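Keep the sequence at hand as you read.

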Amino acid sequence: MKIAVLSGKGGTGKTTVSTNLSFVNKDIVLIDCDVEEPNASIFLKPIKSEEEKVFVEYPVVVQEKCVLCGKCGEICKFNAIIPAKNTVLVFKESCHSCGGCQLVCPVGAIKYEKREIGKIVKGKTIFNNYMEYGLLNIGELSGVNIIKTLKNNVKDEKLVIIDSPPGTSCATVSAVEHSDFAIIVTEPTPFGLNDMKMVVEMLREMGMPFGVFVNKADLGDMEVYDYCREENIEILGEIPFDKDIANYYSKGEIFSKYIPHYKEVFENLLQAVLGGKNGN
Ligand code: SF4
Ligand code: SF4
């Protein structure tokens with residue numbers, strides 16, 4: 001089973017949920033697909049056993065062959081290849097490696113080369129779970145290829161937690177798609193609700209079952225709860241704002257390890273998901 005953990009925005013508690021779930025079940029394999037800010041390793045402290053470089057392809061124009069017909073520029077949705085007056089410009093960081101420009105080039109003037117965009121680190125956590133996390137190189141615009149590689153690496157594992165990028169970007173969709181269930185982590189504030197609604201919309205469009213986990217449940221107001229009730233979305237669990245949690249978090253520690261009743265919260269959350277509950 002693949003369980004995606006996501007949130008409308010960063011800093012909502014997504015990694016808290018992913019890493020505490022990992023702690024309560026040794027069979028869980030966690031992949032941190034939040035490749036711009038992969039924080040799960042801070043808490044799970046994997047011992048690196050392997051590193052995998054991730055590459056993408058980008059077009060290179062053989063200028064001697066090019067007849068400056070402009071077709072490559074017309075097909076590219078990302079403005080990554082732009083025919084100018086005397087040459088064709090390629091912006092490789094914007095390229096999504098779709099292959100379209102090569103297909104339409106009438107004279108075979110486009111070839112592809114590879115470049116490294118980041119890496120994947122693999123290893124066992126201090127709790128003996130296996131995990132991998134992706135790391136996008138600074139300046140790169142898209143980590144989608146790293147996310148796809150991470151997912152492919154664990155495709156045969158029985159129980160996978162996917163710590164997804166926040167929001168509803170291409171990277172989030174890539175991380176979440178083909179999961180069996182999604183847990184939306186939110187805070188009970190107007191901002192939290194607003195961001196969460198966009199994620200709900202995205203998951204419904206994807207046809208994915210999901211439920212909600214509320215972080216800092218005693219701060220803010222009741223709007224998240226009212227919305228979930230109106231929309232028939234199940235609240236799978238919650239944790240309050242607690243100074244002890246904040247204290248362990250600031251030290252990079254899994255608080256469920258030290259506070260038994262929180263361990264129970266995450267055991268129940270996992271049970272609720274594995275039991276096939278969903279609130280959409
Ligand atoms: S491969 Fe696709 S995204 Fe990249 S430059 Fe060509 S058309 Fe644009
Ligand atoms: S499609 Fe080919 S020939 Fe036409 S401008 Fe692009 S690279 Fe040159």
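Start at Ile146. Leaving out residues up to four places away in sequence, Ile146 touches Val35, Val54, Ile117, Gly118, Lys119, Ile120, Gly134, Leu135 and Leu136. Touching, or contact, means heavy atoms within 4.5 Å.

This is a predicted model: local features need pLDDT of at least 70, side-chain atom pairs count only at pLDDT 80 or more, and totals for chains, interfaces and linings use all residues. Residues are numbered from 1 along each chain as its sequence is written, chains are lettered from A and ligands numbered from 1 in the order in which they are written, and side-chain values use heavy atoms, with hydrogens and water left out.

Now widen the view. Ile146 belongs to the largest nonpolar core, which has 38 residues. A nonpolar core is a set of buried Ala, Val, Leu, Ile, Met, Phe, Trp, Tyr and Cys residues joined through side-chain atoms within 4.5 Å. Buried means under 20% relative accessible area, exposed over 50%, and partly exposed in between (1.4 Å probe, protein chains only). Leu6, Ile146, Ile184, Met196 and Leu203 touch the most other members. Helix α7, residues 190–206, gives the most to this core: six residues.

What about the whole chain? The protein chain has 10 helices and 11 strands. Both are DSSP runs numbered from the N terminus: helices are H or I with at least four residues, strands are E with at least two. Of its 280 residues, 49% count as buried. The C-alpha trace spans about 70 × 45 × 30 Å along its principal axes. Take the contacts between residues at least 6 apart in sequence: 73% of them join residues at least 24 apart.

Tyr248 is one residue to look up. Tyr248 sits in helix α9, residues 243–250. Is its side buried or exposed? Tyr248 is partly exposed, because its relative accessible area is 22%. Beyond its neighbours within four places in sequence, Tyr248 is in contact with Glu253, Phe255, Tyr258 and Ile259. Phe43 is 205 residues from Tyr248 in sequence, yet their C-alpha atoms are 9.8 Å apart in space.

End with the cysteines. How many disulfides does the structure hold? It holds zero. A disulfide is counted when a pair of cysteine sulfur atoms lies within 2.5 Å. Cys105 is buried, because its relative accessible area is 17%. Cys69, at 38%, is partly exposed.
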